[in-house]
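Subject: Handing over a structure, with notes

Dear colleague,

I am passing a structure on to you, together with notes on what was found in it. Please look through the sequence and the model before reading further.

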Amino acid sequence: MPLLLTSIRLTLAQLFDAAFLRLVLFSLLASALVFAGLFALAVFLSTHFIADTGWLAWLAGSLGGLLALGLAVWFFVPISIVIIWMFTDSVSNAVERRFYPDLPPPTGIGLREQAASALALTGRMLMLYTVALPALFIPGLGMVVFGAIGIYQLSRELFEAAAQRRTRSQELPGHWRRARFSAWGAGGLATLMSLIPGLNLLMPVLGTAIMTHIALRSRGAETAAADNRHPE
């Protein structure tokens, strides 16, 4: 996937730019607060509710913090979509200023539509993750379920968040079809990052930056000049 690899390379090349690094640090703080809140909630649930339900009582008592950590990681992905939405414009603007300075101002859908889309997807993901939660307690199956849901949902959310800035709603399906393989790859990478405590805190900004490159470069003619300056 040359487009995916190029997008990753350009994102890493920008990582220590002052403006981009500031966004990474802000996202890191926001993600850390969200993850800490999820972990505290998971500790509460595992000690007050799960501990009263038969064999799960033994599991909660024996694994304690590990179970809470697993629950926090499990639910971080759906909640992180809100963080992704918060930082999409700032991250995409930083990417465009560095690599695509000749692009006109974005004319996609408004913030209200973006927010509605992000909240709807967050709700769907929370529902899917809640329904699939029992799979977390089956060795191996939990990661498969987590990966399948995460790759599909994160790839769509990251792509749409980046593409909506310059693509009208009715054009999004066609744009997605052109970019879907690279987008799925980026979604897979984002899902893998979300499984690793610490690295998952960087996922919203890095995933958004990678997908911004994919969304722009898959559009074609409008970014031809930028592509010539940064060939794949």
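Predicted model: local features only at pLDDT ≥ 70, side-chain atom pairs only at ≥ 80, totals over all residues.

Residues are numbered from 1 along each chain as its sequence is written, and side-chain values use heavy atoms, with hydrogens and water left out.

Overall fold

The protein chain has nine helices and zero strands, where helices (H or I, at least four residues) and strands (E, at least two) are DSSP runs numbered from the N terminus. Along the sequence, the pattern accordingly reads α-α-α-α-α-α-α-α-α. Of the 232 residues in the protein chain, 47% are buried; buried here means under 20% relative accessible area, exposed means over 50%, and partly exposed lies in between, with a 1.4 Å probe and protein chains only. Taking the contacts (heavy atoms within 4.5 Å) in the protein chain with a separation of 6 or more, 82% are between residues 24 or more positions apart.

Salt bridges

There are five salt bridges in the structure, a salt bridge being a side-chain nitrogen of Lys or Arg within 4 Å of a carboxyl oxygen of Asp or Glu. One of them pairs Arg98 with Asp17, and their closest N and O atoms are 2.6 Å apart. Because Arg98 lies in helix α4 (residues 65–99) and Asp17 in the loop between α1 (2–14) and α2 (18–48), this pair ties together parts that are 81 residues apart in sequence. Arg98 is partly exposed, at 36% relative accessibility, and Asp17 is also counted as partly exposed, at 25%.

Arg165 takes part in a salt bridge with Asp89, with 3.0 Å between the closest N and O atoms. Arg165 lies in the loop between α6 (141–163) and α7 (172–194) and Asp89 lies in helix α4, so the pair ties together parts that are 76 residues apart in sequence. Arg165 counts as buried at 4% relative accessibility, whereas Asp89 is partly exposed at 24%.

Arg165 also forms a salt bridge with Glu96, where the closest N and O atoms are 3.0 Å apart. This pair links distant parts of the chain, with Arg165 in the loop between α6 and α7 and Glu96 in helix α4, 69 residues apart. Both Arg165 and Glu96 are buried. Through salt bridges that share partners, Asp89, Glu96, Arg165 and Arg166 are joined into one network.

The pair α6 and α8

The axes of α6 and α8 come within 8 Å and cross at roughly 65 degrees; axes are lines fitted to C-alpha atoms, for helices over the stretch in contact, and angles run from 0 to 180 degrees between N-to-C directions. On the α6 side, Leu154, Ser155, Leu158, Phe159, Ala162 and Ala163 meet Met203, Gly207, Thr208, Met211, Thr212 and Ala215 in α8. The residues of this contact divide into eight nonpolar, four polar and no charged, given that Ala, Val, Leu, Ile, Met, Phe, Trp, Tyr, Cys and Pro count as nonpolar, Asp, Glu, Lys and Arg as charged, and the others, Gly among them, as polar.

Single residues

Trp176 lies in helix α7 and is buried, at 9% relative accessibility. Leaving aside neighbours within four places in sequence, Trp176 is in contact with Ser155, Arg156, Phe159, Ala183 and Trp184. The C-alpha atoms of Trp176 and Phe159 are separated by 7.7 Å, with the two residues 17 apart along the chain.

Thr11 belongs to helix α1 and counts as buried at 2% relative accessibility. Not counting residues up to four places away in sequence, Thr11 touches Phe20, Leu206, Ala209, Ile210 and His213.

Gly198, finally, is placed in the loop between α7 and α8 (203–217) and is partly exposed, at 39% relative accessibility. Gly198 and Leu28 are 170 residues apart along the chain, and their C-alpha atoms are separated by 9.0 Å.
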